[in-house]
Structures are given as C-alpha cells and as structure tokens.
Amino acid sequence: MTKTLLILNGPNLNLLGTREPDVYGHETLDDVKARCLGLATELGVGIDFRQSNHEGQLVDWVQEARGMADGIVINPAAYTHTSVAILDALTMFQGPVIEVHISNIHKREAFRHHSFVSGRADGVIAGCGTEGYLLAMRRLASLLGA
Ligand code: DQA
C-alpha cells in the first residue's frame, strides 16, 4: 500500500523566501512543497504538506496523523525550543519522525541549541537548507520500506 508522509511546518515558515534570506535562503514554502511533491512521485509515496503559526494546530495535526500517516517530517520552527506539547503529541505517533531545520541551529544562538522534539525524533537534519526536507523524505521512505 502507498505510504503517506505528513510534512509539518511551524511558525513563520509561511514567510520563507522573504524571511532572513541570508539564513533561510530565497525559496518560498510553495517552492519547497513543489520539490517535495516531485520527490514523492519519484519515491512512490503520498505527501500531505502543511504549515501553521499556531502550536495547538500543529498538535492537532500530529494527533490526526495517528493511524493516517506512516511517517512525519517536522520543522517545528521556534516551537522546537519551547514546545513540550508538540513533543508529547509526537510521542503518541506510532511511525518514524524526522526533525528538519533549514539552518544549523547548533551554529546559532544558544537558545536554539536545545530541541524538545529531538527527544522523540528518529533523525535530525539541520543546516542542509531546504534540501533537508528531501533528505528527510528519503530517510522516511527507506525506514518504511516504500
Ligand atoms: C528553524 C530554526 C529555528 O530556530 C527557528 O526558530 C525557525 C526555523 C530552521 O528551519 O532553521 O523558525 O527551525
């Protein structure tokens, strides 16, 4: 059966392309989505690509993913560093989870060095630019035997 990957994006990632391009690059979130859709076809997986600025919405989506998605790629953005609620929701998800950061959070301010989500993630990709989403999808496809 076709595997489905849920790709979640947290706050301010809707402004990708105009937001601090020296840190996050010039691609928009729609550009990233298009690249993910292209790779999904190549890998033979389905994707559901979403973004929200709201913590509770992200928690709801992770909860909905139980029994519906096979794996999750998540860039929790600023909630990476603050959200026990997203960590708890991911802990209840049955499949593999890959955490993605466009920038290398370990090379930046000290408050970005800790991630609550990493306590649940099966893999973490940081500092590979938006290509990190594609790397995460490939890893999930491999883990899921897609
Ligand atoms: C980010 C890194 C976070 O520290 C930051 O708050 C973001 C984006 C990244 O993709 O590099 O919004 O997750």
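## Basis of the description

A polar contact is a pair of N or O atoms within 3.5 Å; within protein, one atom must be able to donate a hydrogen and the other to accept it, and residues adjacent in sequence count only if both atoms are side-chain atoms. The model is predicted, so local features need pLDDT of at least 70 and side-chain atom pairs count only at pLDDT 80 or more, while totals for chains, interfaces and linings use all residues. Residues are numbered from 1 along each chain as its sequence is written, and side-chain values use heavy atoms, with hydrogens and water left out.

## Overall architecture

The protein has 5 helices and 5 strands; helices (H or I, at least four residues) and strands (E, at least two) are DSSP runs, numbered from the N terminus. Along the sequence these elements follow the pattern β-α-α-β-α-β-α-β-β-α. The C-alpha trace spans about 40 × 30 × 25 Å along its principal axes. A compact globule with 146 residues would have a radius of gyration near 15 Å, and the 14 Å of the protein agrees with this; the radius is taken over C-alpha atoms, and the globule rule is 2.2 Å times the number of residues to the power 0.38.

Of the 146 residues, 49% count as buried, where buried means under 20% relative accessible area, exposed over 50%, and partly exposed in between (1.4 Å probe, protein chains only). Contact means heavy atoms within 4.5 Å, and residues 24 or more positions apart account for 77% of the contacts with a separation of 6 or more.

## Surface and charge

The accessible surface of the protein comes to about 6900 Å², of which 51% belongs to carbon and sulfur atoms. Accessible areas come from the Shrake-Rupley method with a 1.4 Å probe; for residues, only the protein chains shown count as cover.

The mean positions of the 12 positive and 16 negative charges are 4 Å apart. Lys and Arg count as positive and Asp and Glu as negative, whereas His and the chain ends are not counted. The place of a charge is taken as NZ of Lys, CZ of Arg, CG of Asp or CD of Glu.

H101 belongs to strand β4 and counts as buried, with 4% relative accessibility. Its side chain makes a polar contact of 2.6 Å with the side chain of E99. Leaving aside neighbours within four places in sequence, H101 is in contact with N75, P76, T80, I125, A126, G127 and C128. The C-alpha atoms of H101 and G129 are separated by 7.5 Å, although these residues are 28 positions apart along the chain.

S103 lies in the loop between β4 (97–101) and β5 (123–126). This serine counts as buried at 8% relative accessibility. The side chains of S103 and R108 are joined by a polar contact of 2.9 Å. Beyond four places in sequence, the contacts of S103 are V23, Y24, R108, A126 and G127.

R120 is placed in the loop between β4 and β5 and is buried, with a relative accessible area of 14%. The side chain of R120 reaches the backbone oxygen of G95 at 2.5 Å, and a polar contact of 3.1 Å joins it to the side chain of D122. Not counting residues up to four places away in sequence, R120 touches L87, L90, T91, F93, Q94, G95 and V97.

Q94 is found in the loop between α4 (84–91) and β4. In contrast to the buried R120, Q94 is exposed, with a relative accessible area of 51%. A polar atom of the Q94 side chain lies 3.2 Å from the backbone oxygen of A69. Outside four places in sequence, Q94 touches A65, R66, G67, A69 and R120. The C-alpha atoms of Q94 and G10, 84 residues apart along the chain, are separated by 21 Å.

## Backbone between β1 and α1

Most residues other than glycine have a negative phi. N12, which is not a glycine, has a positive phi of about 75°. This asparagine is found in the loop between β1 (4–9) and α1 (21–24) and is partly exposed, with a relative accessible area of 37%.

E20 is found in the loop between β1 and α1. Its phi is positive, near 35°, in a residue other than glycine. E20 is partly exposed, with a relative accessible area of 39%.
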